[in-house]
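Hi there,

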Amino acid sequence: MPDPIYLSDGEWKIMNLLWGSPPRSGAELAHALAGDTGWSRATVHIMLGRLAEKGAVRAEGEGRTRRYAAAVPREQATAGETTRFLERVYQGSLRNMVASMAGQGALSRREIDELRAILQQAEQEVGDE
């Protein structure tokens, strides 16, 4: 599996747009984010530069025609974020996170059934090793 990519909250906003409908210009991204963030084009371009340094986005074209696209799949970013979250909040324990959610009544019957199916699939895959 490739190295995880760690994103700030603002970087997640940009990446979600790029995963949804790439490629986009910096101006298009600034316009799409304006209502939620109020960021200027300059702010978006600075963030795109940071994302490019991380290897998360790639630029296509030159000058004013430059368009940006995600260079990593969403799954690579979510894997890193999930691990980081579990370490920070639950000392790396998925069990503690699920127990916390269940204890708060945060899981619906449908979610419990979905989790059960995921665990049964994982159990089969472990059994096949």
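Two strands are said to pair if DSSP finds at least two bridges between them. With that in mind, A59 stands opposite Y68 in β3. Please remember throughout that this is a predicted model.

**The sheet**

Let me start with the strands. Strand β2, residues 57-60, and strand β3, residues 67-70, pair in the antiparallel sense over four bridges.

The open sheet is formed by three strands, in the order β1-β3-β2, and the pairing is antiparallel. β1 (24-25) and β2 stand at the edges with a single partner strand each, so one side of each has no neighbour in the sheet. Helix α1 packs on the sheet and touches β1, β2 and β3, its direction making about 90° with that of β3.

Y68 is worth a click, and you will find it in strand β3. Is Y68 buried or exposed? Its relative accessible area is 10%, and because anything under 20% counts as buried, Y68 is buried. Leaving aside neighbours within four places in sequence, Y68 is in contact with L18, P23, R24, S25, G26, H45, L48, R58 and A59.

One of those contacts of Y68, P23, has a feature of its own. A cis peptide bond joins P22 and P23, with omega at about -20°. P23 lies in the loop between α1 and β1.

**Helix α1 against helix α3**

Next, the helices. The axes of α1 (residues 9-20) and α3 (residues 41-54) come within 10 Å and cross at roughly 90°. That makes α1 roughly perpendicular to α3. Which residues of α1 and α3 make the contact? From α1 they are G10, E11, I14 and M15, and from α3 they are V44, M47, L48, R50, L51 and K54. By class, this contact of α1 with α3 has six nonpolar, one polar and three charged residues.

**Helix α4 and what it packs on**

Helix α4 covers residues 74-90, 17 residues in all, and reaches 23 Å from its first C-alpha to its last, close to the 24 Å expected at 1.5 Å a residue. Its buried residues are Q76, A77, G80, E81, L86 and Y90, and the buried residues of α4 pack against α1 and α5 (94-103).

Where does Q76 sit, and what does it touch? Q76 is found in helix α4, and at 12% relative accessibility it counts as buried. Leaving aside neighbours within four places in sequence, Q76 is in contact with P2, D3, P4 and I5.

The axes of α4 and α5 come within 9 Å and cross at roughly 75°. That makes α4 roughly perpendicular to α5, because angles of 65 to 115 degrees count as roughly perpendicular. In this contact, F85, L86 and Y90 of α4 meet L94, N96, M97 and S100 of α5. By class, the contact of α4 with α5 has five nonpolar, two polar and no charged residues.

Just after α4 comes Q91, with a positive phi of about 50°. That is a positive value in a residue other than glycine. Q91 has its place in the loop between α4 and α5, and at 62% relative accessibility it counts as exposed.

Finally, A99 is found in helix α5. With a relative accessible area of 36%, A99 is partly exposed. The C-alpha atoms of A99 and W12 are separated by 27 Å, and these residues are 87 apart along the chain.

Happy browsing, and do write back with any questions.

Best wishes

Methods:
Residues are numbered from 1 along each chain as its sequence is written. This is a predicted model: local features need pLDDT of at least 70, side-chain atom pairs count only at pLDDT 80 or more; totals for chains, interfaces and linings use all residues. Side-chain values use heavy atoms; hydrogens and water are left out. Axes are lines fitted to C-alpha atoms, for helices over the stretch in contact, and angles run from 0 to 180 degrees between N-to-C directions. Helices (H or I, at least four residues) and strands (E, at least two) are DSSP runs, numbered from the N terminus. Angles under 35 degrees count as roughly parallel, over 145 as roughly antiparallel, 65 to 115 as roughly perpendicular and the rest as oblique. Contact means heavy atoms within 4.5 Å. Ala, Val, Leu, Ile, Met, Phe, Trp, Tyr, Cys and Pro count as nonpolar, Asp, Glu, Lys and Arg as charged, and the others, Gly among them, as polar. The expected span of a helix is 1.5 Å times one less than its number of residues. Buried means under 20% relative accessible area, exposed over 50%, partly exposed in between (1.4 Å probe, protein chains only).
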